[in-house]
Number of protein chains: 2
Amino acid sequence: MTAGRQTPQPRRGRPGYDLESLLAVAVKLFNERGYDGTSMEDLSRKLGITKSAIYHHVPSKQELLRLAINRALDGLFAVADETKARHEPAVRRLEHLVRGSVRVLVDELPFVTLLLRVRGNTKVERDALARRKEFDRLVTELVAQAVRDGDLRQDIDPAVTGRLLFGTVNSLIEWYKPRGGVGAEQLADAVIATSFNGLLTHDGAGDRAAG
Amino acid sequence: MTAGRQTPQPRRGRPGYDLESLLAVAVKLFNERGYDGTSMEDLSRKLGITKSAIYHHVPSKQELLRLAINRALDGLFAVADETKARHEPAVRRLEHLVRGSVRVLVDELPFVTLLLRVRGNTKVERDALARRKEFDRLVTELVAQAVRDGDLRQDIDPAVTGRLLFGTVNSLIEWYKPRGGVGAEQLADAVIATSFNGLLTHDGAGDRAAG
């Protein structure tokens with residue numbers, strides 16, 4: 001065996017960063033220290049390369065943020081577009097949207113985490129918040145349609161229902177560990193089962209707990 | 001009408017901060033910029049008082065964090081203690097814990113927000129995370145007992161159920177506005193109804209959506 005010739009180099013060590021691996025490290029730092037709290041200096045130290053080597057890949061810190069956030073948003077909107085195209089009752093399309101969102105969250109966990117922590121101090125962040133609002137509107141519309149269809153409870157404002165439902169989905173970033181044993185599909189099943197059908201067994205426990 | 005004599009001074013402007021009003025401003029800043037991203041200098045500028053005037057009330061920035069976080073934790077643990085003392089089935093105690101937690105979240109929104117964003121870089125933060133874990137354990141135990149009682153669904157790990165349930169509760173900090181019209185009790189009703197009974201109407205919609 002000759003010394004690593006033709007063997008792909010592992011993506012560690014100094015050189016050999018491409019935009020993708022650089023982005024992964026940047027997102028990790030942003031999540032740990034906050035976007036505002038991370039300088040290009042911090043990033044260059046963490047990567048073990050010079051700042052100008054970073055600027056070779058990307059013109060600014062804000063561009064790194066934009067790329068990272070769009071990774072998450074593009075994933076979520078791809079699911080939203082699929083959802084819109086389905087010829088099914090709204091309740092099933094909503095289920096599809098929840099399931100797909102859990103999958104994106106699990107597949108792109110650091111990127112979705114960053115997206116959900118965005119506070120809106122820069123143009124990139126304000127744009128991201130606007131796209132999140134657009135996503136929320138789609139959720140509210142689906143809930144409202146499912147309520148009209150008689151499939152979802154009508155005693156709660158559709159916007160509140162939508163926020164509680166995606167509040168549950170989004171809260172996964174706080175505890176989900178990709179290596180923790182629970183896969184995306186199992187997690188999505190749990191979210192769908194508890195959110196749509198409720199935590200209670202339906203053999204009379206409803207009389208005991210909240211009516 | 002004489003010039004404001006005997007009229008209570010509003011708590012703005014320079015002097016007249018007590019620990020409580022100082023803490024409120026500090027928590028607001030911590031939530032906006034992050035704890036690490038807020039210096040005592042920033043705080044003194046925001047308050048319009050000198051740093052030594054701040055140190056008259058509190059020995060350090062970390063002490064402000066500790067006071068703020070404990071406000072939230074003490075509220076949550078007061079509810080937890082009530083919950084433990086109730087002689088009721090676990091499912092009802094869990095409902096009580098959820099309802100009380102929503103109330104604490106609404107009453108102490110900035111403090112709970114700060115608590116839930118704590119990442120654990122300082123001793124104060126690590127202590128807070130340890131207390132949050134203790135709270136989570138209590139939730140998991142209640143869920144496990146309610147499952148054994150046959151009141152909660154047994155197809156999902158009690159720790160996951162607990163996390164999804166309090167994920168929903170905690171996600172309220174992302175969108176709930178105290179002046180937005182929905183009160184604490186109404187919000188708690190919505191969380192209990194959707195989490196325990198589910199979003200679906202139970203007249204056959206269950207056949208359409210997730211089984």
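Me: What separates A:Asp127 and A:Lys123 in helix 7 of chain A?

Reply: In this predicted model, A:Asp127 and A:Lys123 are 4 residues apart in helix 7 of chain A, and therefore about one helical turn lies between them.

Me: Why is the pair A:Asp127 and A:Lys123 called a salt bridge?

Reply: The closest N and O atoms of A:Asp127 and A:Lys123 are 2.8 Å apart, and the rule asks for a side-chain nitrogen of Lys or Arg within 4 Å of a carboxyl oxygen of Asp or Glu, so the pair is counted as a salt bridge. Over all chains, the structure holds 33 salt bridges.

Me: Which residue of chain A forms a salt bridge with B:Arg119?

Reply: The partner of B:Arg119 is A:Glu174, with the closest N and O atoms 4.0 Å apart; since the cut-off is within 4 Å, this pair is therefore also counted as a salt bridge. Across the interface of chain A and chain B, the rule finds 2 salt bridges, and there are 17 residue pairs in polar contact between the two chains.

Me: Which helix of chain A gives the most to the side that touches chain B?

Reply: Helix 9 of chain A does, with 8 residues. Sorted by class, that side of chain A has 19 nonpolar, 12 polar and 10 charged residues.

Me: How do you know how much area chain A and chain B bury between them?

Reply: The size of an interface is often expressed as the accessible area that is lost when the parts come together. For chain A and chain B the buried area is about 4,100 Å², with 60% of it on carbon and sulfur atoms, and 41 residues of chain A are in contact with 41 residues of chain B.

Me: What makes the pair of A:Phe135 and A:Phe166 edge-to-face?

Reply: The ring centres of A:Phe135 and A:Phe166 lie 5.6 Å apart, which is within the 6.5 Å limit for a pair, and their planes stand at 80°, which is over 60 degrees, so the pair is edge-to-face. This pair links distant parts of the chain, with A:Phe135 in helix 7 and A:Phe166 in helix 8 of chain A, 31 residues apart.

Definitions and conventions: Residues numbered from 1 in each chain as written. Chains lettered and ligands numbered in written order. Predicted model: local features only at pLDDT ≥ 70, side-chain atom pairs only at ≥ 80, totals over all residues. Heavy atoms only, no water. Contact = heavy atoms within 4.5 Å. Buried area = accessible area lost by both parts, 1.4 Å probe. Polar contact = N/O pair within 3.5 Å; in protein donor to acceptor, adjacent residues only side chain to side chain. Helix = DSSP H or I, 4+ residues; strand = E, 2+ residues; numbered from the N terminus. Nonpolar A, V, L, I, M, F, W, Y, C, P; charged D, E, K, R; others polar. Phe/Tyr/Trp six-rings, centres within 6.5 Å; stacked < 30°, edge-to-face > 60°.
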